[in-house]
Amino acid sequence: MENKVKQKIMNGENVLGVFLGIYAPSLIEMIGYAGYDFVVIDDEHGAFSHSEIENMVRAAELVDLVPIIRVSYDASSIQKALDRGAKGIQVPMVNNKEDAELVVRRAKFPPHGQRGAAFAIRAARYGKDGGEAYFNNADENILISVHIETPEAVQNFREIMNVPGIDMAFIGSTDLSVNMGFKAEGPGHPEVQQAINELFEIGKEKGYKIGTVAANSAGVSKGFESGACYIGITGTSVISNALEQVVNETKKVK
């Protein structure tokens, strides 16, 4: 039941993962064999059924990859993700203290939250686990990450992160740029970069754990240097770029 990604970031170590929004258990195995720490199964933007998510979680566990689910906006999404066996959740559009408190209530069992209790589920090994030990282990090991991706969330960053049970903030730089009014300029706009830098500075000052996204290895290095401890690269972008690189290099040979 232990969550090695949560343990690492709480111990001050950095972790690297991949965002994946397509149903591809074999690709998850490849990600694990490549040496990544976690995979984010993207149920916010991806097209998955609940059974497909469960198979993706199985594939991750097969290669010692920690399965994290970026949940959708459905009220039952957190419950279903954790019951499938996710070791962590990323929750989009958390804008204030109340939003953060609702996330914790949905993710943790009573008395810390209101997650529904069941043992005949995959997370409890279909009834092999149960009782107080199961509930306590689940609450302790699940990584709860909230997305900071609106001006409101930036303004309320401290109070969001001070909610008991919130482990990490994830900076959604693309959504933040759109919500700040810079659709064309994107995350590179100076005002967006200033907001992101301020979040990192507050994180360093307060000891908050911060995650972010990167498109390539240069972005990963920059993220870690800025103060992130958890970085997910966009899997489809990496694959598309690699495929395109082969084509471009072949054209040069011709």
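At 26% relative accessibility, Lys8 counts as partly exposed. Keep in mind that this is a predicted model.

What does the side chain of Lys8 meet? It meets the side chain of Asp37 in a salt bridge, 3.2 Å from N to O. This pair links distant parts of the chain. Lys8 is in helix H1, and Asp37 is in the loop between helix H2 (25–33) and S2. They are 29 residues apart. Asp37 is buried, because its relative accessible area is 13% and the buried class means under 20%.

Stay on helix H1. Lys6 is there too, and its side chain forms a salt bridge with Asp167, at 3.5 Å from N to O. Asp167 lies in the loop between H8 and strand S6 (168–171), so this pair ties together parts that are 161 residues apart in sequence. Buried or exposed? Lys6 counts as buried, at 12% relative accessibility. Asp167 also counts as buried, at 15%.

How many salt bridges are there? The count comes to twelve. Among them is Asp129 with Arg125, at 3.0 Å from N to O. Asp129 counts as partly exposed, at 25% relative accessibility. There is also a network: salt bridges that share partners join Asp42, Glu44 and Arg70.

Now the barrel. Eight strands form a closed barrel, in the order S1-S2-S3-S4-S5-S6-S7-S8, with parallel pairing. Neighbouring strands of this sheet are turned by 25° against each other on average, direction ignored.

Let's go strand by strand. S1 covers residues 15–20 and S2 covers residues 38–42; they run parallel, joined by four bridges. Val18 stands opposite Val39 in S2. S1 also pairs with S8, in the parallel sense, over five bridges. There, Gly17 stands opposite Gly232 in S8.

What about the other neighbour of S8? Strand S7 (residues 210–214) pairs with S8 in the parallel sense, over four bridges. Gly211 stands opposite Tyr230 in S8. Between these strands comes helix H11 (residues 217–226), and S7, H11 and S8 make a right-handed β-α-β unit. Strand S8 is mostly covered: four of its five residues are buried.

Asn241 is partly exposed, with a relative accessible area of 46%. Asn241 and Asn216 are 25 residues apart in sequence and 9.6 Å apart in space, C-alpha to C-alpha.

Last topic: aromatic rings. A pair of rings is described by the distance of the centres and the angle of the planes. The whole structure holds nine aromatic pairs. Take Phe119 and Tyr134. They are edge-to-face, 6.0 Å centre to centre, with 75° between the planes. Phe119 is in the loop between helix H5 (97–107) and helix H6 (131–141), and Tyr134 is in helix H6, 15 residues apart. Phe119 counts as partly exposed at 33% relative accessibility, while Tyr134 counts as buried at 5%.

Next, Phe157 and Tyr208. This pair is edge-to-face as well, at 5.5 Å centre to centre and 90° between the planes. Phe157 is in helix H8 (residues 157–161), and Tyr208 is in the loop between helix H10 (190–206) and S7, 51 residues apart. Both count as buried: Phe157 at 2% relative accessibility, Tyr208 at 13%.

Which residues do ring pairs link into a cluster? Phe19, Phe38, Phe170 and Tyr230.

Key. Residues numbered from 1 in each chain as written. Predicted model: local features only at pLDDT ≥ 70, side-chain atom pairs only at ≥ 80, totals over all residues. Heavy atoms only, no water. Buried < 20%, exposed > 50% of the residue type's maximum accessible area, 1.4 Å probe, protein only. Pairing = 2+ DSSP bridges. Helix = DSSP H or I, 4+ residues; strand = E, 2+ residues; numbered from the N terminus. Axes fitted to C-alpha atoms, helices over the stretch in contact; angles between N-to-C directions. Right-handed = clockwise from strand over helix to strand, strands pointing away. Phe/Tyr/Trp six-rings, centres within 6.5 Å; stacked < 30°, edge-to-face > 60°. Salt bridge = Lys/Arg side-chain N within 4 Å of Asp/Glu carboxyl O.
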